[in-house]
2 protein chains.
Amino acid sequence: MKPDDPITHLISAFARLPGIGERTASRLAFFVMNQPGDLVDDLSEALQRVKVEVGFCERCSNLTKGTLCQICEDTKRDPATICVVESTPDLRAIERTGEFRGTYHVLHGLISPLEGIGPDDLKVRELLARFGTDSEVKEVILATSPSVDGEATALYLARLLKPLGVNVSRIASGIPIGGELEYADKVTLSRAIMQRRVF
Amino acid sequence: MKPDDPITHLISAFARLPGIGERTASRLAFFVMNQPGDLVDDLSEALQRVKVEVGFCERCSNLTKGTLCQICEDTKRDPATICVVESTPDLRAIERTGEFRGTYHVLHGLISPLEGIGPDDLKVRELLARFGTDSEVKEVILATSPSVDGEATALYLARLLKPLGVNVSRIASGIPIGGELEYADKVTLSRAIMQRRVF
């Protein structure tokens with residue numbers, strides 16, 4: 001049901017975006033309406049472009065313009081290591097560190113029994129498809145967040161992948177660099193002690 | 001210059017909205033891209049609709065679908081009082097109080113010498129056009145914000161309108177209802193004392 005009034009329609013369309021309530025949506029709508037036509041055109045063109053031009057990378061399910069994403073196409077990246085992430089923003093965050101030279105696999109979500117999201121709703125099948133007979137993959141780094149759903153997803157994938165004879169690892173949890181012990185929450189602190197490494 | 005990459009294009013289009021930085025823009029873009037097509041379509045359709053369907057009310061410059069806005073068309077509204085506001089959101093805020101039964105005039109901005117915005121950039125000519133020979137207008141309430149630009153605009157309009165033989169008033173400034181004297185800023189407090197009313 002689309003609202004009959006175009007202003008109400010735009011406000012409610014903006015309000016569907018995450019973190020944008022009725023009030024902000026209304027502010028955005030009036031801002032857009034008071035701009036010369038170019039912002040409206042630019043935004044609606046950009047929206048249509050992502051719809052038409054952007055799809056999933058055939059190999060890693062990253063968002064991409066072509067059939068393979070820039071990372072999968074880059075011959076300098078090491079195909080022997082796959083870093084499994086929840087989402088494209090997480091992939092971008094890791095890319096920004098400049099530390100990782102392997103490839104990725106984007107799940108587009110986490111297993112969440114409470115929200116009724118199972119492995120079939122994620123790009124898990126596509127991940128398994130990367131372990132064919134001619135597979136070069138030697139290690140899978142499970143880089144989902146250390147949240148309840150992130151841990152559950154990592155555990156699920158670890159059990160699935162280990163029998164395939166591949167090394168499975170998990171990103172480290174602990175006190176953030178620059179963080180203060182005093183203010184770390186109990187769970188993080190106890191995890192940091194448990195997973196201490198030899199100096 | 002439109003970015004070649006559709007994802008970058010959408011992010012930079014979102015980032016043109018007020019209060020939305022690069023990071024939020026990127027979050028919105030990835031949210032939109034991970035939704036089934038309907039949100040993209042809904043938002044871009046809503047944008048195009050406001051562009052095509054929404055224009056200025058011929059009388060009061062409020063945003064409207066038709067030639068006259070709902071308020072100007074409403075015969076139960078009193079055309080003898082015009083409340084002058086900076087923007088449509090300000091008009092909506094006054095409407096929400098349910099206290100005002102007159103009509104409006106929307107300036108779409110404030111006079112701001114610092115930003116190079118003069119009366120000709122606002123709907124001032126349209127306001128003056130409402131004081132023809134058969135004008136029913138008896139009072140103009142200047143309801144711009146009590147900010148520097150808002151006060152300057154009110155002063156400018158008052159000087160322009162008074163010679164036309166119309167009553168010109170200004171909304172009250174003072175301590176907000178529910179606010180505490182202790183925390184009121186100096187200017188507001190001194191204004192509240194100066195403009196005290198007989199009890």
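Visitor: Where does UniProt place the feature "zinc finger region: C4-type" in chain A?

Guide: The unreviewed UniProt entry puts it at residues 57–72 of chain A. UniProt positions follow the numbering used here, feature names are shortened, and annotations may be inferred rather than shown by experiment. The model is predicted: local features need pLDDT of at least 70, side-chain atom pairs count only at pLDDT 80 or more, and totals for chains, interfaces and linings use all residues. Residues are numbered from 1 along each chain as its sequence is written, chains are lettered from A and ligands numbered from 1 in the order in which they are written, and side-chain values use heavy atoms, without hydrogens and water.

Visitor: What is the helix and strand content of residues 57–72 of chain A?

Guide: That span is 19% helix and 12% strand, and its end C-alpha atoms lie 8 Å apart. Helices (H or I, at least four residues) and strands (E, at least two) are DSSP runs, numbered from the N terminus.

Visitor: Why is H3(A) called roughly antiparallel to H1(B)?

Guide: Helix H3 (residues 38–53) of chain A and helix H1 (residues 6–14) of chain B pack at about 150 degrees, with axes 9 Å apart. Axes are lines fitted to C-alpha atoms, for helices over the stretch in contact, and angles run from 0 to 180 degrees between N-to-C directions. Angles under 35 degrees count as roughly parallel, over 145 as roughly antiparallel, 65 to 115 as roughly perpendicular and the rest as oblique. The pair is therefore roughly antiparallel.

Visitor: What makes H1(A) oblique to H2(A)?

Guide: Helix H1 (residues 6–14) and helix H2 (residues 22–33), both of chain A, pack at an angle of about 125 degrees, their axes 8 Å apart. That angle makes H1(A) oblique to H2(A).

Visitor: Which residues of H1(A) meet H2(A)?

Guide: Ile7(A), Leu10(A), Ile11(A) and Phe14(A) do, and their partners in H2(A) include Ala25(A) and Phe30(A). Contact means heavy atoms within 4.5 Å.

Visitor: How many residues of chain A are in contact with chain B?

Guide: 45 residues of chain A are in contact with 45 residues of chain B. The area buried between the chains is about 4700 Å², with 65% from carbon and sulfur atoms. Buried area is the accessible area (1.4 Å probe) that two parts lose on being put together, summed over both. In chain A, Pro6(A), Arg16(A) and Leu47(A) lose the most area to chain B, together 14% of what that side buries.
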